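Hi there,

Here is the structure I promised to pass on to you. Please open it next to this email, and I will walk you through what turned up.

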Amino acid sequence: MGLISAFLAPIGHSTLALLAAIGRVTIFTGKSISHIVRPPFYLREFLSQLLHIGYFSLPVVGLTAVFTGAALALQIFEGGARFNAESVVPSIVAIGMVRELGPVLGGLMVAGRVASSVAAELGTMKVTEQIDALVTLSTNPMKYLTVPRVLAATLAMPILVAVGDAIGIMGGWLVGITKLGLNSGAYLKNTVDFLESWDVTSGLLKAAVFGFIVALMGCYHGMNSGRGAQGVGRATTNAVVSASVMILTANYILTTLFFSS
Amino acid sequence: MTPPMIEFRNLYKSFGDNHVLRGIDLRVNRGESMVIIGGSGTGKSVLLKCVLGLLTPDKGQILVEGRPAEQGDRDAFLARFGMLFQGGALFDSMTVWQNVAFRLLRGKLKRPRDEARAIAIEKLRRVGLKERVADLYPAELSGGMQKRVGLARAIAADPEIIFFDEPTTGLDPIMSGVINKLIREIVTEMGATAMTITHDMSSVRAIADQVAMLHDGKIRWTGPVGQMDDSGDPYLDQFINARAEGPIEAVR
């Protein structure tokens with residue numbers, strides 16, 4: 001009996017801890033959403049976050065997209081050659097980028113860049129009592145810190161992914177015409193002909209959800225950071241890991257919702 | 001009879017098994033400067049944070065001018081307070097004047113930007129800082145200057161009640177003296193009610209009208225600063241004379 005309980009107790013503790021964490025994140029999400037729709041609104045903070053989260057993430061998203069598109073073209077060309085289907089390269093690169101790889105890889109890269117920096121910034125603010133100071137200055141930290149970041153990431157992410165999609169398709173095109181001997185005009189025509197508007201829209205909707213997740217996890221872990229440098233370090237790691245896992249989970253759920261008919 | 005500005009009634013607060021406050025009863029009258037002393041980890045900061053709603057007490061009541069602190073309009077309640085934090089708690093991403101004028105740039109006290117800047121510069125002058133400091137960032141200032149900026153921010157909206165959390169920690173004796181003098185002058189000229197937390201006995205003597213000693217989760221002694229040296233309380237005597245031997249255990 002003792003042996004069984006010794007085996008089961010840690011599982012029980014972990015399960016309870018997981019459920020408690022899910023509960024805390026759910027409450028935090030609910031609070032964030034409720035503050036988004038209620039004044040006061042901090043426009044200056046929102047615009048500043050739009051710049052930090054959106055504009056400054058362009059290089060990393062662009063680089064990820066161009067190499068992904070290029071590699072995808074090579075892979076599909078090699079794979080397609082087994083069935084004499086090299087001509088599908090443009091359409092599969094385009095569909096693969098806009099539906100799946102653009103939003104998911106873009107989301108993961110932004111999670112690495114933004115969730116970590118948000119968690120570190122807010123975690124440092126917490127341990128240096130700056131968040132307490134905000135409260136004493138009659139400013140709600142959820143409204144002033146969380147809402148601008150969550151809103152900025154949710155709106156910036158689809159734009160980032162749209163740019164990333166275009167760059168990724170161009171990466172595939174570049175490899176196609178320089179290394180695979182494909183015709184430039186035919187490549188672009190194939191891409192446009194086979195791509196449907198829902199392919200693009202579904203990817204951008206995914207991107208908005210991923211942006212929301214990234215900022216939310218950064219804010220949640222930052223505002224609940226432990227004390228000292230170790231606490232901030234742990235918050236930063238947890239923000240990136242949880243955002244990445246949630247992006248991959250949400251991607252599967254959204255793909256099922258969008259495409260299972 | 002006028003109710004005290006701040007009154008703690010049988011206040012309890014625990015963090016897990018750590019019972020920090022175990023029935024605090026204390027009155028701070030309007031216009032009075034109350035200094036709370038006590039060893040590290042005895043719950044002095046917790047007491048202030050409970051008033052501001054940063055922490056929720058487990059039991060007991062906090063009254064501000066006879067009304068429960070947790071009732072009524074939260075913004076209006078907090079607008080009555082100013083607080084100087086131990087480490088300054090200045091916002092790194094903003095310049096000095098934006099820190100000082102934080103309350104005047106947003107919310108119910110919002111003013112035009114030029115006016116808010118002018119008030120911030122006036123408050124900076126009041127704490128002995130020149131106008132050129134206004135456009136620097138907190139990271140470019142020394143510890144003493146950061147404390148002064150924190151003080152300017154605490155008084156920027158002319159609060160009725162000001163809290164000072166260890167205002168001289170980490171400062172050299174001369175700078176500590178300057179901060180103590182500033183606090184005393186500002187509290188007197190504003191007619192504000194002040195609560196200060198400190199271990200620094202020179203601060204206590206410079207700032208306090210009343211002193212309260214917190215020990216073992218309760219107010220061990222309270223009275224006018226002039227009676228502190230003749231209290232006859234062995235705990236207070238040990239603390240104010242910085243003796244290693246006495247009823248307060250050195251290792252807690």
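Before we start, one term: two residues are in contact if their C-beta atoms, placed from the backbone, lie within 7 Å. Please also keep in mind that this is a predicted model.

Let's begin where the chains meet. Chain A gives 11 residues to the contact, and chain B gives 15. On the side of chain B that touches chain A, the elements giving two or more residues are α2 (74–78) and β6 (81–84). Sorted by class, that side of chain B has 10 nonpolar, 3 charged and 2 polar residues.

Next, some backbone details. Most residues other than glycine have a negative phi, and most peptide bonds are trans. With that in mind, have a look at these places:

- In chain A, the peptide bond that runs from Pro39(A) to Pro40(A) is cis, and its omega is near 5°. You will find Pro40(A) in the loop that links α1 (2–36) with α2 (43–54) of chain A.
- Asn10(B) is not a glycine, yet its phi is positive, at about 50°. Asn10(B) belongs to strand β1 of chain B, which covers residues 6–15.
- Ala242(B), also not a glycine, has a positive phi of about 50°. Look for Ala242(B) in the segment after α8 (234–240) of chain B.

Are Asn10(B) and Ala242(B) buried or exposed? Asn10(B) is partly exposed because 13 other C-beta atoms lie within 10 Å. Ala242(B) has 8 other C-beta atoms within 10 Å, so Ala242(B) counts as exposed.

Enjoy exploring!

Best wishes

Definitions and conventions. Residues numbered from 1 in each chain as written. Chains lettered and ligands numbered in written order. Predicted model: local features only at pLDDT ≥ 70, side-chain atom pairs only at ≥ 80, totals over all residues. Helix = DSSP H or I, 4+ residues; strand = E, 2+ residues; numbered from the N terminus. Buried ≥ 20, exposed ≤ 12 C-beta atoms within 10 Å, placed from the backbone. Nonpolar A, V, L, I, M, F, W, Y, C, P; charged D, E, K, R; others polar.
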